[in-house]
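Hello,

Here is the structure for you to look at. My notes on what was found follow below it.

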Amino acid sequence: MNYQLGLIGYPIKHSLSPWIHRNFLDQSRLKGTYELVEIHPNHSFPKRLNHLKEIGIDGFNVTIPYKEKIIDFLDKLDNNAKIMSAVNTVHNRNGEWIGYNTDGTGYVRSLINKFPHLETEKKKKRILLIGAGGAARGIYYSLMSFGFSSIDIANRTLQSAENIATLKLDHVETNVITLEKAETDINDYDIIIQTTSVGMKPNINQSIIDISTVKKDCIISDIVYQPIKTKFLTEAEKVGASIHFGHTMLLYQAQSAFEIWTTKKVKLNNLERKLERKLKGE
Ligand code: ATR
């Protein structure tokens with residue numbers, strides 16, 4: 001089998017996905033290609049998708065701005081994608097296009113891989129999720145599905161956080177709070193997850209909130225991966241907290257997508273270091 005894989009979105013010229021999936025194909029000794037299919041917002045979306053159907057593409061990732069728009073063109077959605085109303089992975093199963101969302105599950109996989117003790121301590125940990133965009137939505141739902149039971153959401157616009165909190169499962173307690181309150185009460189949390197774009201290149205001197213008074217054994221996570229070590233993570237390190245890097249989420253969501261397409265679960269430990277060097281420009 002020669003896998004035809006790819007990514008649709010705009011703009012995607014700088015995407016790391018072709019590099020990641022090339023590594024996955026090589027590691028699994030599978031033949032295949034992973035192409036960038038940039039679809040300009042002025043192009044005909046149905047026409048470009050039709051072309052992918054005609055060539056019999058085996059699977060593709062979907063990124064901004066098409067994660068919601070793609071849904072109308074799919075035959076089925078898995079439960080996660082349905083709840084998210086967003087798809088980042090499409091699999092061609094015998095001519096039917098099935099939509100999945102591996103962003104949130106990928107994030108949780110990456111977190112648990114780095115901090116395996118969380119598996120047994122998940123009911124005791126208090127989580128603060130900062131931000132209320134698409135990424136926060138997927139992460140919130142996946143944290144709950146994994147079994148975490150205390151997750152507060154802080155955001156600049158409270159209404160967006162309230163919207164995410166409507167997904168709350170029965171075993172979970174969630175408070176929607178302002179960024180100011182998050183900062184004041186930061187010492188209450190065991191895991192803090194930063195999902196906004198604040199601190200991303202070129203604004204590398206920005207940090208969403210002050211975390212200088214966090215617990216020493218706190219885990220601080222930032223999904224921004226350019227730069228690899230954001231100001232938020234640098235400050236976390238200064239106070240002795242454990243840190244979790246954003247690029248690992250990228251790898252784990254890709255690992256899940258690749259598994260859906262090929263049934264092969266690739267190993268990530270070497271690739272994590274390779275990607276780190278690549279992002280640092282080494
Ligand atoms: P994504 O889908 O990648 O998560 P998004 O939907 O654009 O991205 O969400 C961006 C998040 O970053 C939101 O939580 C946004 O806050 P608002 O809901 O108030 O807009 C947050 N964000 C972006 N810039 C911010 C800033 N300068 N200060 C505070 N929050 C910011």
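Arg 22 and Asp 26 sit in helix 1 (residues 17-27), four residues apart, which is about one turn of the helix. This is a predicted model, and everything below is computed from it. The two side chains form a salt bridge, with 3.0 Å between the closest N and O atoms. Arg 22 has a relative accessible area of 36% and Asp 26 has 47%. Buried would require under 20% and exposed over 50%, so both residues count as partly exposed.

The total for the model is 14 salt bridges.

Lys 76 pairs with Glu 96, the closest N and O atoms being 3.2 Å apart. Lys 76 is partly exposed at 40% relative accessibility, and Glu 96 is partly exposed at 31%.

Asp 190 and Lys 215 also meet in a salt bridge, at 2.8 Å from N to O. Here the pair links distant parts of the chain, 25 residues apart. Asp 190 is in the loop between helix 8 (179-184) and strand 10 (191-194), while Lys 215 is in the loop between strand 10 and strand 11 (219-222). Is Asp 190 buried or exposed? Its relative accessible area is 13%, under the 20% cut-off, so Asp 190 is buried. Lys 215, at 26% relative accessibility, is partly exposed.

On the general point, side chains of opposite charge can pair when their charged atoms come close.

The other item is a helix pair. The axes of helix 4 (residues 103-114) and helix 10 (residues 247-262) come within 7 Å and cross at roughly 120 degrees. The crossing of helix 4 past helix 10 is right-handed.

Which residues make the contact? Helix 4 supplies Asp 103, Gly 106, Tyr 107, Arg 109, Ser 110 and Asn 113. From helix 10 come Thr 248, Met 249, Tyr 252, Gln 253, Gln 255, Ser 256 and Glu 259. Sorted by class, the contact between helix 4 and helix 10 has three nonpolar, seven polar and three charged residues.

Regards

Key. Residues numbered from 1 in each chain as written. Predicted model: local features only at pLDDT ≥ 70, side-chain atom pairs only at ≥ 80, totals over all residues. Heavy atoms only, no water. Salt bridge = Lys/Arg side-chain N within 4 Å of Asp/Glu carboxyl O. Helix = DSSP H or I, 4+ residues; strand = E, 2+ residues; numbered from the N terminus. Buried < 20%, exposed > 50% of the residue type's maximum accessible area, 1.4 Å probe, protein only. Axes fitted to C-alpha atoms, helices over the stretch in contact; angles between N-to-C directions. Left-handed = near helix turned anticlockwise from the far one by under 90°. Contact = heavy atoms within 4.5 Å. Nonpolar A, V, L, I, M, F, W, Y, C, P; charged D, E, K, R; others polar.
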